[in-house]
Amino acid sequence: MPAHVLLINPNTSTDSTLMMTNYAQATAGNRLQIHPVTVDYGPKMIIDPIRLKESAAHVIDKVHSELSKRPYDAVIVSAIGDPGRQELSEQLSLPVVGIGESAIIVASRHQRPWAMATSTPLLADGLDALAKKHGGTAPFHGVFLTESEPLELAADPQRQYAELAVAVLAARDKGAQAVMIAGGPLSDTAKLLADNLDVAIIEPLPAAVEVVLERLDTLPKA
């Protein structure tokens, strides 16, 4: 039987929740059953460190509320800054993974030189700190940014793709062999980039599923 995984979206966009759930479930197949939930408060897209920090409390409250209704085997925090992940990991006796943590782990495996591409410049310092926390000693070539603002690009998928493609190729030219797309709501664009560019694109939701499966596999068998 599949393990049951709670996917919590720290953004309040239910469209983003559905998109991210679809990518997670497609990757998991019949190995996991993904159960999506969206926080009740906050912005539709987290684009700055203040809102990211505020979202942690909403994530923690919502996860505990959902766990009071039924048991789950693991939790995925589906925003790239992983708000509330650390606290939940300390509070719960089940695996709690963030899509940021997971994508970094996958991107930096085997000492592969890697980088990030994103549309959220105000989160760049936090992403750099996250890279240092989870990326080990693999060479990290930095965070590469789009030229336009994140909400403008969210409203224009073709432009979002074009600008992220430029950022990815700039990272490749600096030596990155893998580029992590830093943003859960960027999942559709990440898939298009993976399909069309000649560089390894690390998609956050598939990475999170991979890490969840690995961590579940290390748990003692009942």
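Good morning. I begin with a definition: a residue is called buried when its relative accessible area is under 20%, exposed when it is over 50%, and partly exposed in between. Please keep in mind that the model before us is predicted.

With that cut-off, Glu66 counts as buried, because its relative accessible area is 11%. Its salt-bridge partner is Lys69, and the closest N and O atoms of the two lie 3.1 Å apart. Lys69, by contrast, is exposed, at 58% relative accessibility.

A second pair is Asp128 and Lys132, whose closest N and O atoms are 2.4 Å apart in their salt bridge. Both belong to helix α5, residues 124-134, and because they are four residues apart, about one helical turn separates them. Asp128 is partly exposed at 26%, while Lys132 is exposed at 59%.

How many salt bridges does the structure hold? The count is 13.

Let us turn to the sheet. Strands of a sheet pair through backbone hydrogen bonds, either parallel or antiparallel. Here, four strands form an open sheet in the order β2-β1-β3-β4, and the pairing is parallel.

Strand β1, residues 3-9, pairs with β2 over seven bridges; Val5, for instance, has Ile34 in β2 as its bridge partner. Helix α2, residues 49-67, packs on the sheet and touches β1, β2 and β3. Helix α9, residues 204-218, lies across β1, β2, β3 and β4, at about 155 degrees to β4.

Thank you for your attention.

Conventions:
Residues are numbered from 1 along each chain as its sequence is written. This is a predicted model: local features need pLDDT of at least 70, side-chain atom pairs count only at pLDDT 80 or more; totals for chains, interfaces and linings use all residues. Side-chain values use heavy atoms; hydrogens and water are left out. Two strands pair if DSSP finds at least two bridges between them. Helices (H or I, at least four residues) and strands (E, at least two) are DSSP runs, numbered from the N terminus. Contact means heavy atoms within 4.5 Å. Axes are lines fitted to C-alpha atoms, for helices over the stretch in contact, and angles run from 0 to 180 degrees between N-to-C directions. A salt bridge is a side-chain nitrogen of Lys or Arg within 4 Å of a carboxyl oxygen of Asp or Glu. Buried means under 20% relative accessible area, exposed over 50%, partly exposed in between (1.4 Å probe, protein chains only).
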